[in-house]
Amino acid sequence: MAQSEPGRRVKSLFNPPSLIFKQAFSLAYHGWLTGWAGLPGWMLKGKKVLATAAGARAIGCTGYPYHVVWEVTTRCNLNCIHCYASSVEARQAELTTKEGKKLLEQIAAVDKFRMIVITGGEPLLRKDIFELIEYAGKLGFRIVFSTNGTLLTEQTAKDLARLGVVNFSISLDGHTSQCHEAIRREAGCFQSAINGIKAAAKTGVCLQINFTAMKQNLAELPGLIDLAEILKTDIIMVFQAIQPPKDGEALELDAEEQMQLIKTIADKQKNSRALIIPVCCPEYWPWLIEKKLVNFGKGIQKAVLTGCGAGSGFSYIRFDGDVWPCNFIPISAGNIRNESFADIWNNSSLLKQYRTLPRGLKGICGECRHQDICRGCRGRAFAHTADVLAADPDCFFNHQ
């Protein structure tokens, strides 16, 4: 018997209409804090960018709540110095096509989720990726497709957009081939990624470039943002390598470098056509507020700025079905092979702990006047202390 087609289960962008007003207000607040001259033009892009933020109610560390990231595979054609994905990981542990479709149905059953990020490894290495994308699209999800771009042709991008992809999220770790390829460890991958970005841009959907900041490429960020402007990017997400020093090699930014990072982002945001969002750096928002000398509107700040979204506005689903609060917090809240995603999301004691934050935060994070809109990076705290409630060790407020 042929498998029945899924019916639409995910709410529209305008249900309820108040979501649109919340998104517009949070963007306006962000624009005011940063002095973003390009905000009116960005908002005129309308549905192109609205679909990427489907279901968003605020802005924060992971960009916008609520959304799920599904790592469909850890297989990859590159071998990046900051990534745990591996081309040699056993394929047998990956969710099957049937399990993947069941997972998508379970995510759709959670009222808050309207957008899903499909990532890897490199998702284009899954033979059933188009079938999974089509299924997600028919359920009504707005799909962000996160890729290294090297395998993305014009036809592939066109096919993915037709099936429901509303955002191509493509990684560049430098504005020069030397830097990008030193990090990605594959000759020629810079031009392949640029070709993939250009192929994605031709579809007319939202274009996002992801940059992972580390000691090795921090100086490349201004040039990367300039390159993104030339490529007519809509969103730039500035991630970070969160790894304590290993085998003598340090990747992670220290507090001083964090400050350099956010100053670059804030300075570039003023005249950028793209929305620039730091990830793994919730301290950006209180820094902007202090820089603006905002002494009013605490209620407004809490409504539009969410800080770290791990486990509360965001969840990461591993290739084998494990549900993590964040891709930087490798603690399982449950596995969808044993219980439904909806049950894990709604009932996990681990995820509930994150939803009570800032209650329980320790050290300077527990004492900070900005804890309601920041909470520190929980992933960085865990990486250094194995304690999800510990103080963020690289918070620049902690080092003033």
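Guide: Let's begin with the second largest pocket: α1 (18-34), α2 (39-43) and α3 (47-50) each give at least two residues to its lining. Helices here are DSSP runs of H or I with at least four residues, strands are runs of E with at least two, and both are numbered from the N terminus. The model is predicted, with local features needing pLDDT of at least 70 and side-chain atom pairs pLDDT 80 or more, while totals for chains, interfaces and linings use all residues. Numbering starts from 1 along each chain as its sequence is written, and side-chain values use heavy atoms, leaving out hydrogens and water.

Visitor: What makes a residue part of the lining of the second largest pocket, and which ones lie nearest its centre?

Guide: A pocket is an open set of points on a 1 Å grid over the protein atoms alone, where a 1.4 Å probe fits and protein lies on both sides within 12 Å along at least five of seven lines; a lining residue has an atom within 4 Å of a point. Here 19 residues line it, and Gln23, Leu27, Trp42, Leu50 and Ala53 lie nearest the centre. The biggest share, 5 residues, comes from α1.

Visitor: How do the lining residues divide into nonpolar, polar and charged?

Guide: There are 14 nonpolar, 5 polar and no charged ones.

Visitor: Why is strand β5 called largely enclosed?

Guide: Buried means under 20% relative accessible area, exposed means over 50%, and partly exposed is in between (1.4 Å probe, protein chains only). All 8 of the 8 residues in β5 (residues 206-213) are buried, so the rest of the structure largely encloses this strand. One side has Cys206, Gln208, Asn210 and Thr212, the other Leu207, Ile209, Phe211 and Ala213, and both faces are covered.

Visitor: How do you know that β4 and β5 pair?

Guide: Strands pair if DSSP finds at least two bridges between them. β4 (residues 165-171) and β5 have 5 bridges in the parallel sense, so they pass that test.

Visitor: What makes arginine 318 and glutamate 71 a salt bridge?

Guide: The rule asks for a side-chain nitrogen of Lys or Arg within 4 Å of a carboxyl oxygen of Asp or Glu. For arginine 318 and glutamate 71, N to O is 2.8 Å, so the pair qualifies. Arginine 318 is in the loop between β8 (314-317) and β9 (323-324) and glutamate 71 in strand β1 (residues 67-71), so this contact ties together parts 247 residues apart in sequence.

Visitor: Why do arginine 318 and glutamate 71 count as buried?

Guide: Arginine 318 has a relative accessible area of 12% and glutamate 71 has 0%.

Visitor: Which labels do glutamate 290 and arginine 369 get?

Guide: Their closest N and O atoms are 2.3 Å apart, a salt bridge again. Glutamate 290 is in helix α11 (residues 284-292) and arginine 369 in the loop between α15 (363-367) and α16 (378-385), 79 residues apart. At 28%, glutamate 290 counts as partly exposed, whereas arginine 369, at 59%, is exposed.

Visitor: How many salt bridges are there by this rule?

Guide: The count comes to 22. Arg75, Glu94, Arg126 and Asp128 even link up in a network of them.

Methods
Nonpolar A, V, L, I, M, F, W, Y, C, P; charged D, E, K, R; others polar.
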